[in-house]
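Please read it alongside the model.

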Amino acid sequence: MTYHFNKWCGAGVGATYAFSTIMKTQQYSHVFGARVFFESYFFNYVALHLEYQWLNYNVYTNNIFDKSRMSSNNILLGGGFYNIRDRVAYYALLLYVISDKKYPNNILGELEPRIGITIFLK
């Protein structure tokens, strides 16, 4: 959800859940997370995006039955297409992960694509 301070910028919060494969280990994980972000909008179709994201996921050792959970703190920066319609926006963003990129400290890649819908509070 996003709160608009004016027609040029907004801030918001979001939640994350994914059931995914961790590419480096070929193991499955339930990924939970939360995020806080700030966005600036230009020309009704372009957005700049800055985000802090916390993720919690499984970490596996060589024994697939020996696993524990780990958290990562991520800072992402990027931009992309943003189409605003009344109180809903459709977006496609490409975000660069600025924070630590080494597994097991982080399961994100260097670039994170985002496609979604945002509902505005104001």
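1. Basis. This is a predicted model, in which local features need pLDDT of at least 70 and side-chain atom pairs count only at pLDDT 80 or more, whereas totals for chains, interfaces and linings use all residues. Residues are numbered from 1 along each chain as its sequence is written, and side-chain values use heavy atoms, with hydrogens and water left out.

2. Secondary structure. The chain has zero helices and seven strands, where helices (H or I, at least four residues) and strands (E, at least two) are DSSP runs numbered from the N terminus. The order of elements from the N terminus is β-β-β-β-β-β-β.

3. Burial and surface. Of the 122 residues in the chain, 36% are buried, that is, under 20% relative accessible area with a 1.4 Å probe, protein chains only. The accessible surface (Shrake-Rupley method, 1.4 Å probe; for residues, only the protein chains shown count as cover) is about 7600 Å², and carbon and sulfur atoms contribute 64% of that surface.

4. Contacts along the chain. Contact here means heavy atoms within 4.5 Å. Where contacts join residues at least 6 apart in sequence, 50% are between residues at least 24 apart.

5. Arg35. R35 belongs to strand β3 (residues 27-42) and is buried, at 16% relative accessible area. Beyond its neighbours within four places in sequence, R35 touches residues including G12, H49, E51, Y91 and R114.

6. The salt bridges. How many salt bridges are there by this rule? The count is two, a salt bridge being a side-chain nitrogen of Lys or Arg within 4 Å of a carboxyl oxygen of Asp or Glu. One of them joins R35 and E51, with closest N and O atoms 3.1 Å apart. R35 lies in strand β3 and E51 in strand β4 (residues 46-60), so this pair ties together parts 16 residues apart in sequence.

7. The second partner. R114 and E51 also meet through their side chains in a salt bridge, at 2.8 Å from N to O. This pair links distant parts of the chain, with R114 in strand β7 (residues 111-119) and E51 in strand β4, 63 residues apart.

8. The network. Which residues are linked in a network of salt bridges? They are R35, E51 and R114. E51 is buried, with a relative accessible area of 2%, and R114 counts as buried at 14% relative accessibility.

Conventions
Buried means under 20% relative accessible area, exposed over 50%, partly exposed in between (1.4 Å probe, protein chains only).
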